[in-house]
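Me: I would like to go through this structure and ask what lies behind the terms used to describe it. Please set each value against its criterion before concluding.

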Amino acid sequence: MTIRKPVAAQRARPFTQWLVGLISSEYLVFGLTLLLVALLAPFTPGLVSIANLLNIAGYLLPLFIVAIGVTLVMITGGIDLSVTSVIALTSVVGAKLISADGSATPTVVGLVAMLALGAGLGAVNGGIITCLRLPAFIVTLASMMFLSGFAVWITQSKNIYNLPASFLALGKQLSIALGLTITLALCVQVVLQRTVYGRWLYAVGQNPTAAYISGVPVRAVTFAAYVVSGFCAALASVMLSARLETGSPVLGREILLDIIGATVVGGTSLFGGKGKIAWTFFGVLFLTVLDNALNLLNLSQFAITIAKGTVILLAAVLDATRHRLGRQNA
Amino acid sequence: MSTPLLEFDAVEKSFFGVKVLKGVSFNIPEGGMVGLVGENGAGKSTLMNILGGNLQPSAGSLRFGGESYAPQNSGDAARQGIAFIHQELNLFPNLSIAENIFLTCFPRMGAIPLIDRTEVSRRAAKLLRDVGLGLSPERLVETLSTGQRQLVEIAKALSIETRLIIFDEPTTSLSERETLQLFALIARLRSRGLAMIYISHTLADVFRLCDDLVALRDGEVVGCGPAKSFTSASLVALMVGRTMTQLFPDRRSSTPPREAVFEVHKVRRIDVPNYVSFCLHQGEVLGLSGLMGAGRSELARVLFGLDPRESGTILLDGEVIDSLSPRDLIGRGVAFLTENRRSEGLCLDASIAENLTLATLAEHAQNPLRWLSAKSLQTAVSNIRQAVGLDSKTGDGQCVRSLSGGNQQKIVLGKWLLLKPRVLILDEPTRGIDVGAKYEIYRLIQELADSGAGVLVISSEMEELMGICDRILVMRSAAIVDELGRAEFDRERILHGAFGTEIAR
């Protein structure tokens, strides 16, 4: 799935050619991140400090994990809006299980239960979307509202504390989160690139009819993407809950648009058939660094939100431009 | 002849460097009726797309009503008073007849930007009377038959000041009675002084209706003049050209009947009264002929499990297949090349290699993790590229969208050949591709049959079926009405079966 070198550019003037090459490059977003840091570092004390980098990493890793699952769903041409509600629900269910105030089951059991619940909720989404042939947008919107309400209801809107030390350790050590994230990212990228399932996933996103006629089990492939998405959300929930030492029914509520925005900024197409884990990483990195830098510049949260919205819109324009360039040169 | 209404002057058009129109020049006189004939791919559609503003000519010019005419879009053509009645009608089934007619120019209440409902009904009713359609303008289009819809299209064309109407294969999906009604309407419109271009494969109709004829072949005008100066035979000879005999690879002399590989027994699709039964043998190329709407593609879709079947059995190598789904059938070596290669055959934004291997990925992942072997994939891709004769200039990673229709079709075919199918069903395998690529496709079909597979070919081009098949079945109204062995191939007999009537000569 590499970006193709446009043919027409060879006839164009060098500058145009350079510009087309730049827009089409898959490292464009990564380059922009570096540029952003280089531009803002002189005015932003503490942007490039160890403490801040750790801070960025702590925020970025769970976001990236959720975005990995969302990337798979978006490659099929779908969308998963329910991920943040899955984070919240798995957080409170897990916390209720393992908290000293709750049933105090062993941490491992709680962890397995959280991940299984996440995957199960993804399966429900995927099942409804593929079996009833409903649009992913409306199904996951409904499950977002349902699960979010459900999480608040079972906790009576209270946070759950007194989580066991063995669970909290997962949040204290950045290396654990880092190791987990890297392993997951590499595994998923390898699956996408080197397995039958990966090829099928792209084919389903590019042309579901052609894929079906070619013998691709379109429904099963789509279903699996939602299961992975739910699983990834649950994994992110483990990391977030452990770091905040809380089971919270509103956990992750504000990061939904960051997740989808970052995936689009990275270059995964909302229309399906296109996407890479590395791209999503670049997108998450860019949005996180932007958010962090603007925070350090003491901009208000509203200004930051406006800036992020602008960037996401620009990314969508960029995606459309790439698409058009690709067709023109066809 | 007075000043011409429309003049084509040395119009040329190229796609991907292939010239599909090579300097086409002819005139349509004011109030004249010109028949445009030619095989599929002769350039008729391209020419009409240029006239309608959907395509721009690479060279040459058009003049309409004595003035230079260079439409940039379909709106330009409509403003000039040029209307198209297409094979596939462009109506909105969810709207009423009146709404469809006035969609682009609703009558307003004077200066107020509101639609004048009474005026709409009054004018619609008058237009419907003009075209002889005795229905309420409030009827929804989805409740109309194809013939009635066509009349609505014509009424729509008459609602604006139309000076030229183009009929593109108007009779293919009409009943005999509807056809006669249409011809009567055409005669009435002519008496009003409207000019018309009539495109059809039914030569008898063309002779019956038109004053002048223009024959196209491979993007060139090969015959042009009064209809009286042609005969059916001379026109066919012009359209087909001398190269006809070289269009098809030699079919080996008839082989003794072999074992049945694919048997269809009394299969019926939902909502259709007729059964279909036939048998496809090993090494046989079996053709399925018939008019558009005869149910050929629909039958193929049922056989491949894309549409539900009401009843009937299907046997592969003598074994009954219960569950019909593309996945199961592919697993058993049945493949289906659909008629819409862009929407159903290819992932246009994926690469050549990805498209070629899509149906056979599992073969390259013979391990528990379903890990793909890059080497095995690469070998398969380069072998099949060579086999289908795909241009070596294009890389394996090139996106399929950028290829010509012929190369795209070779990729879809290559995808299925990699499966080494026992049975291959092809629906219009050469639609919209150039002559050279056609020959390659025919060659591949022959080779596959020679290797022992059964091939079922659906085609609207009779010459194509007669050129490559061992046997031809003729379909009409979702039933098989005739069967011809290679020795009995006869254009007239096939048409006779397809129309269900004696063809007027």
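Reply: Let us begin with a turn. In the hairpin formed by β11(B) and β12(B), two residues lie between the strands, and Asp218(B) takes a positive phi near 50°. Please note that the model is a predicted one.

Me: What makes strand β3 (residues 33-37) of chain B a partner of β11(B)?

Reply: The criterion asks for at least two bridges, and β3(B) and β11(B) have four, in the parallel sense. Here Gly35(B) stands opposite Leu213(B) of β11(B). In general, strands of a sheet pair through backbone hydrogen bonds, in either the parallel or the antiparallel sense.

Me: Why is β11(B) called largely enclosed by the rest of the structure?

Reply: A residue is buried if 20 or more other C-beta atoms lie within 10 Å of its own. Five of the six residues of strand β11 (residues 212-217) of chain B are buried, so the strand is largely enclosed. For chain B as a whole, 42% of the 505 residues count as buried.

Me: Why is Ile65(A) called buried?

Reply: The cut-off is 20 or more other C-beta atoms within 10 Å; Ile65(A) has 27, and is therefore buried. Ile65(A) is located in helix α3 (residues 50-75) of chain A. Beyond its neighbours within four places in sequence, Ile65(A) is in contact with Thr181(A), Leu184(A), Cys232(A), Leu235(A) and Ala236(A).

Me: What makes chain B as compact as a globular protein of its length?

Reply: Chain B comprises 17 helices and 22 strands. Its radius of gyration is 25 Å, close to the 23 Å that the globule rule gives for 505 residues, so chain B is as compact as a globular protein of that length. The C-alpha trace of chain B spans about 75 × 50 × 50 Å along its principal axes. Among contacts in chain B between residues at least 6 apart in sequence, 68% join residues at least 24 apart.

Me: Why are β18 and β22 of chain B called edge strands?

Reply: They belong to an open sheet of six strands with mixed pairing, in the order β18-β19-β20-β15-β21-β22 (chain B). Both β18 (334-337) and β22 (479-485) of chain B are edge strands: each pairs on one side only. From one strand to the next, the twist averages 20°.

Me: How do you know that β19(B) and β20(B) pair, and which helices accompany the sheet?

Reply: Strand β19 (residues 423-427) and strand β20 (residues 454-458) of chain B share five bridges in the parallel sense, against a requirement of at least two. Ile425(B) has Leu456(B) in β20(B) as its bridge partner. Helix α17 (residues 491-499) of chain B packs on the sheet, touching β15, β21 and β22 of chain B, and its direction makes about 30° with that of β21(B). Helix α9 (residues 296-303) of chain B lies across β15, β18, β19, β20 and β21 of chain B, running at about 145° to β19(B).

Terms used:
Residues numbered from 1 in each chain as written. Chains lettered and ligands numbered in written order. Predicted model: local features only at pLDDT ≥ 70, side-chain atom pairs only at ≥ 80, totals over all residues. Buried ≥ 20, exposed ≤ 12 C-beta atoms within 10 Å, placed from the backbone. Contact = placed C-beta atoms within 7 Å. Rg over C-alpha atoms; globule rule 2.2 N^0.38 Å. Axes fitted to C-alpha atoms, helices over the stretch in contact; angles between N-to-C directions.
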